[in-house]
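Have the viewer open as you read.

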Amino acid sequence: MSPHAALRPQPTPLPTPAPAPARAPARPTTAAALHSVSAVTAVLLGLVAIGAMIHEPVLIPPLAASAALVHSAPTLPLAQPRGVIVGHLVGAAVGYAVLAAAGSSGWAAAVAAGVTLALNMAARTPHSPAVATAVIIVLQAPAPDRFVPLLFGSTVLLVLTGFAASRVRRGAPRYPAYWW
């Protein structure tokens, strides 16, 4: 570099434009909203019917939240099959482990929630309703030999109905965005 090059004025970098402010998602069309609401209601009624037939509660609040994610936000990472199925199973495993180690209390449930979130993040299986599954297990202590198979079957059913529903309505986002 010549000695005169250092004396030349350097161009001033242009300021980086500020990112656009975050906005709420666009309101769905009436058809899209009816489609999503109908699909969620149908799958949850199916879980209730299964529970009535086997005399076991199958519909738990985290599954309702999972159904809402799968059917109303099918492209989000939180709604993908990996997170829905594996996330709930991780939540169940953590819930039962914490229940065995610390018993049933609000304190133990809070620990189970935090551990579930951490493990789901580490396993790349994000699914917030799975955290609630761990809490339910610690607080209600369902029998694992009945609860876990029903939880697994329910999550698979949610994923399959999301898959089917996304192919019924023309123009709907395809679910899943990825399987694994």
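Pro176 sits in the segment after H6, where helices (H or I, at least four residues) and strands (E, at least two) are DSSP runs numbered from the N terminus. Over in the loop between H1 and H2 you'll find His55, which has a positive phi of about 55° despite not being a glycine. For context, most residues other than glycine have a negative phi, and most peptide bonds are trans.

## Ground rules

This is a predicted model, so local features need pLDDT of at least 70 and side-chain atom pairs count only at pLDDT 80 or more, while totals for chains, interfaces and linings use all residues. Residues are numbered from 1 along each chain as its sequence is written, and side-chain values use heavy atoms, with hydrogens and water left out.

## The largest pocket

The largest pocket has a volume of about 300 Å³. A pocket here is an open set of points on a 1 Å grid over the protein atoms alone, where a 1.4 Å probe fits, with protein on both sides within 12 Å along at least five of seven lines; lining residues have an atom within 4 Å of a point. Points are joined across faces, edges and corners, and the volume is the space filled by probe spheres set on them.

Its lining runs to 18 residues, with Ser36, His71, Ser72, Pro74 and Pro173 nearest the centre. Helices H1 (30-54), H2 (61-72) and H6 (144-168) each give two or more residues to it, and H1 has the largest share, four. By class that lining has 10 nonpolar, seven polar and one charged residues (Ala, Val, Leu, Ile, Met, Phe, Trp, Tyr, Cys and Pro are nonpolar; Asp, Glu, Lys and Arg charged; the others, Gly among them, polar).

## The second largest pocket

About 160 Å³ of space lies in this one. Among its lining residues are Glu56, Pro57, Phe147 and Ser154. H6 gives the most, four residues, and the lining splits into nine nonpolar, two polar and one charged.

## H3 against H5

The axes of H3 (residues 81-102) and H5 come within 8 Å and cross at roughly 30° (lines fitted to C-alpha atoms over the stretch in contact, with angles from 0 to 180 degrees between N-to-C directions). That makes H3 roughly parallel to H5, the label for angles under 35 degrees. In H3, Gly87, Gly91 and Gly95 are among the residues that take part in the contact with H5, contact meaning heavy atoms within 4.5 Å.

How values were computed: Parallel < 35°, antiparallel > 145°, perpendicular 65-115°, else oblique.
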